[in-house]
Amino acid sequence: MTVSVDMVRLTKVYKGTDVASVDDISMTIEKGQLVALLGPSGCGKTTTMKMLAGLLDPTQGDVQFDGRSVVDIPAEKRNVAMVMQKPRLFPHMSIGDNVGFGLRMRGVDKKTRKKRVGEMMELVRLPGMEDRRPGQLSGGQEQRISLARGLITEPDILLLDEPLSQLDANLRIEMRDLIRSIQAELGITSIFVTHDQEEAVMLADRIALMLQGRIQQDGLPQDFYERPVTQAVARFFGTQNFVPGTVSGRSFESVLGTLELGHEHAAGEGLLVIRQEAIEVGGGENSFEATVERAMYLGTHVRVWAHAADVKLQFTVPPGVRYEADQVIALRLPKEQAWVVPVEDKLL
């Protein structure tokens, strides 16, 4: 069984402070979705997850599973599995006993436990390792065992709190693929906490970006690159190009000239946002002259810093392209890639 999750005006204020760690957030997670709670350290994402798990009581608001409030239901009765940043396996137990611990606590007989443990070991691609001890495992293997231990009780919801942050790059990629495939196979509603935008984009059906205790934007991964709602959201996802100006219809007046927009925006002042990889070299519609400041070779591409009038810009070109400082070139902003956000952004 899997369930939907509703956070209804969820708020948490810790004792000794009057600042909300989680500030009036509302969100619905559909059955079977994998949603990433993304944000920097201290933004409230782990606090949110602990309230979903029942490890923390909200100051205000409600948590609902399938439309039923669970705020008064203790953690052990919510049928939620939580995989933490550190696996915390029992060192004196075998791997098999670690994985089967939840079933043992529920009084499941030894024969059934052994069968289910074997199934879980197959699921996390570590068959035949039941007799080993945690001290014999690598970091990636420990996290797989932690995942198997969480899934063996057939939870309604799987919560993952930065489980990959302590793994090296290759293991992180491997574990992302594993988590995604297992989640798709089981169809379990899953919430994944991470500070890594790439991880969120690779894993999640939806992303909720949290900044300063609030969900700033909730949507498909591509929305955060192509349609950020604020400058802070755009910056978090790595956008470096912001051009101040004024919107009128689908025109944007700025020091770069009159630029055509591919989408309607509210009239008035705004910041044109365009990603580094979207800027093109050459003339045509929405083009202007820019002066190169420096270029940096980064293996798969070259990043170039330039300025046009008083606007600083960054863009990328293929690794074989070379530019010199003070070289004047033509740049073009494709109108479908140009997006406008409000000038006022209290998060900056």
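Author: A charge counts as sitting over a ring if NZ of Lys or CZ of Arg lies within 6 Å of the ring centre and within 35 degrees of the ring normal. This is a predicted model, in which local features need pLDDT of at least 70 and side-chain atom pairs count only at pLDDT 80 or more, while totals for chains, interfaces and linings use all residues. Residues are numbered from 1 along each chain as its sequence is written, and side-chain values use heavy atoms, with hydrogens and water left out.

Reader: Which ring does Lys12 lie over?

Author: Lys12 lies over the face of Tyr14, at 5.5 Å from the ring centre. Arg294 is placed over the face of Trp305, at 3.8 Å from the ring centre.

Reader: How many aromatic pairs does the structure hold?

Author: There are five aromatic pairs, where rings of Phe, Tyr and Trp (its six-membered ring) pair if their centres lie within 6.5 Å, with planes under 30 degrees apart called stacked, over 60 edge-to-face and the rest tilted. One of them is the tilted pair of Phe90 and Phe101, at 4.9 Å centre to centre and 55° between the planes.

Reader: Where in the chain are Phe90 and Phe101?

Author: Phe90 is in the loop between strand 6 (80-83) and helix 2 (95-99), and Phe101 is in helix 3 (residues 101-105), eleven residues apart. Helices (H or I, at least four residues) and strands (E, at least two) are DSSP runs, numbered from the N terminus. Phe90 is partly exposed at 28% relative accessibility, and Phe101 is partly exposed at 24%; buried means under 20% relative accessible area, exposed over 50%, and partly exposed in between (1.4 Å probe, protein chains only).

Reader: Where do Glu162 and Lys45 lie in the chain?

Author: Glu162 is in the loop between strand 7 (157-161) and helix 6 (169-186), whereas Lys45 is in helix 1 (residues 45-53), 117 residues apart. Glu162 counts as buried at 12% relative accessibility, and Lys45 is buried as well, at 4%.
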